[in-house]
Amino acid sequence: MGFQEVASALSSLNKTAKATTVSPDSVINLDHGDPTMFESYWRKQGEKCRVVISATDFMSYFSDIGNTCWFLLPELAEAIKRLHRAVGNAVTEDRHIVVGTGSTQLYLAALFALTSPGGPDPISVVCAAPYYSSYEEETTFLLSGLYKWAGDAYTFDKDEPYIELVTSPNNPDGTIREAVVNRAEGKTIHDFAYYWPQFTPITCAVDQDIMLFTLSKSTGHAGSRIGWAIVKDKEVAKRMTKFMEISSIGVSKESQVRASKILGVVAEDCERFGCADDSNNFFVYSKRTMAERWEKLRKVVKGSEVFSLPKYPQEYCNFSGEFSEASPAFAWLKMKEDEDLEGILKGQKVLTRSGRRFGVDERYVRISMLHQEDAFKIFLERLTALVNANSMVEKVV
């Protein structure tokens, strides 16, 4: 009996069971990286991050007319710089900050900035597989004549201008990445959405030409839709700002004010308490929580002959002052047998994202580690059941 048959039989048993921990109709959606696991921390913070906005606030389009990014509120720019200094994960001095509606809009703005006014042919955009599943769709969505999706950076061999996306830590597999193609005619966009202490050791302050960050992954406030780019070249920052001006005439000031408050509170806690008090330091709390989740998941997978997870090296974290390994936002689960792992987990009412979406094969799935505790617990129970069912079949055979 193959693993697909084992999973199917287990699914049938679940449907007929009279008493289960969770209703058989419950579907656990771990497809999206929705960071709801951090709600419990912010709930305990009470009024610290409350923002009051009156009817006369923020009526103008303009925030700082003398700035390269004229719709960026000065208090948000300062909060961003303060947090990066406190964490030590990025250089911000003498750099230009461009705010966007999440890092997705900033990615498109960066593509526009690096390819306009354009040439006879669109510029190829590549990223090393496994790459973030939305890059291809985002790159091709507008059918732009400025750029085109060219797939896996490992297979790109054309002698022509290109843009390489470098996601580090990588989404989906959590590995630290560097550029692959490395040719003189190329340019890079670095996505550092997950380069925060809860996900990976902070080994240096990164300093690349274009660096993308987002509130959704740094603090968990995905609904505010705030991201920022740290840009070296002023002209590139201007063109990114122009893209934002044309597409949305700036970014909501209400969201910027909320982000300023939240980032300021996190930075202040880092400065006041360091890493000694996890009840006050968001990164210490979230790093511990992520590490605990990974420990539980690895314990389940360790007892399996079918599943495997990436291994991450112990590295010294400049933020925490200790050696630790990564606890990525996603689990990159691999199945040793050549079967559709997404389909198998879907049969157990666990929704994941197939490796096919990331430029690899269907033996892989990306599983969000960021959902609330009850969803994560149910996922572990169902994965354990799959592991145990397969183990019983192997013994019988």
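## First stop: a glycine in a helix

Select Gly-264 and its surroundings: leaving aside residues up to four places away in sequence, Gly-264 touches Ala-79 and Arg-82. Bear in mind as you look around that this is a predicted model. Gly-264 is found in helix α8, and its relative accessibility of 14% is under the 20% limit, so the residue counts as buried.

Now go to Ile-249, which is placed in the loop between α7 (234-248) and α8 (253-273). Is Ile-249 buried, exposed or partly exposed? Its relative accessible area is 43%, which makes Ile-249 partly exposed, since that class runs between 20% and 50%.

Check the backbone here too. Most residues other than glycine have a negative phi. Ile-249 is not a glycine, yet its phi is positive, at about 50°.

Next, show the surface and colour Tyr-61, Phe-62, Ile-65 and Ile-249: together they make a nonpolar surface patch of about 460 Å².

Asp-94 is another non-glycine residue with a positive phi, here about 60°. Look for Asp-94 in the loop between α3 (74-87) and β2 (96-100). With a relative accessibility of 72%, over the 50% limit, Asp-94 counts as exposed.

Then turn to omega. Most peptide bonds are trans. Which form does the bond from Ser-116 to Pro-117 take? That bond is cis, with omega near 10°. Pro-117 sits in the loop between α4 (102-115) and β3 (123-127).

Move along to Ala-129 and Pro-130, which are also joined by a cis peptide bond, with omega about 0°. Pro-130 is in the loop between β3 and α5 (134-140).

How far apart are Thr-203 and Ser-116 in space? The C-alpha to C-alpha distance is 35 Å, and 87 residues separate the pair in sequence.

Zoom in on Thr-203, in the loop between β6 (186-191) and β7 (210-214). Its relative accessibility is 38%, so Thr-203 counts as partly exposed. Not counting residues up to four places away in sequence, Thr-203 touches Tyr-195, Glu-315, Tyr-316 and Asn-318.

## Into the aromatic rings

Across the whole structure, a search finds 26 aromatic pairs.

Pick out Phe-283 and Phe-319. Their ring centres are 5.8 Å apart, within the 6.5 Å limit for a pair, and their planes meet at 85°, over the 60 degrees required, so this pair is edge-to-face. The pair links distant parts of the chain, 36 residues apart: Phe-283 is in helix α9 (residues 282-302), and Phe-319 is in the loop between β10 (315-317) and β11 (322-324). Both Phe-283 and Phe-319 are buried.

For a contrasting geometry, show Trp-332 and Tyr-364. This aromatic pair is stacked, at 5.1 Å centre to centre with 20° between the planes. Trp-332 lies in strand β12 (residues 330-335) and Tyr-364 in strand β15 (residues 364-368), so the pair ties together parts that are 32 residues apart in sequence. Trp-332 is buried, with a relative accessible area of 5%. Tyr-364 has a relative accessible area of 17% and is buried as well.

## Last stop: charges over rings

Finish with arginines over rings. Select Arg-366 and Phe-330: the arginine lies over the face of the ring, at 3.7 Å from the ring centre. Then select Arg-293 and Phe-376, where the charged end of Arg-293 sits over the Phe-376 ring, 4.9 Å from its centre.

Terms used. Residues numbered from 1 in each chain as written. Predicted model: local features only at pLDDT ≥ 70, side-chain atom pairs only at ≥ 80, totals over all residues. Heavy atoms only, no water. Phe/Tyr/Trp six-rings, centres within 6.5 Å; stacked < 30°, edge-to-face > 60°. Helix = DSSP H or I, 4+ residues; strand = E, 2+ residues; numbered from the N terminus. Buried < 20%, exposed > 50% of the residue type's maximum accessible area, 1.4 Å probe, protein only. Lys NZ or Arg CZ within 6 Å of the ring centre and 35° of its normal. Contact = heavy atoms within 4.5 Å. Patch = residues over 30% accessible without salt bridge, like charges linked within 9 Å, V, L, I, M, F, W, Y side chains within 5 Å. Areas by Shrake-Rupley, 256 points an atom, 1.4 Å probe, with all protein chains shown as cover. Salt bridge = Lys/Arg side-chain N within 4 Å of Asp/Glu carboxyl O.
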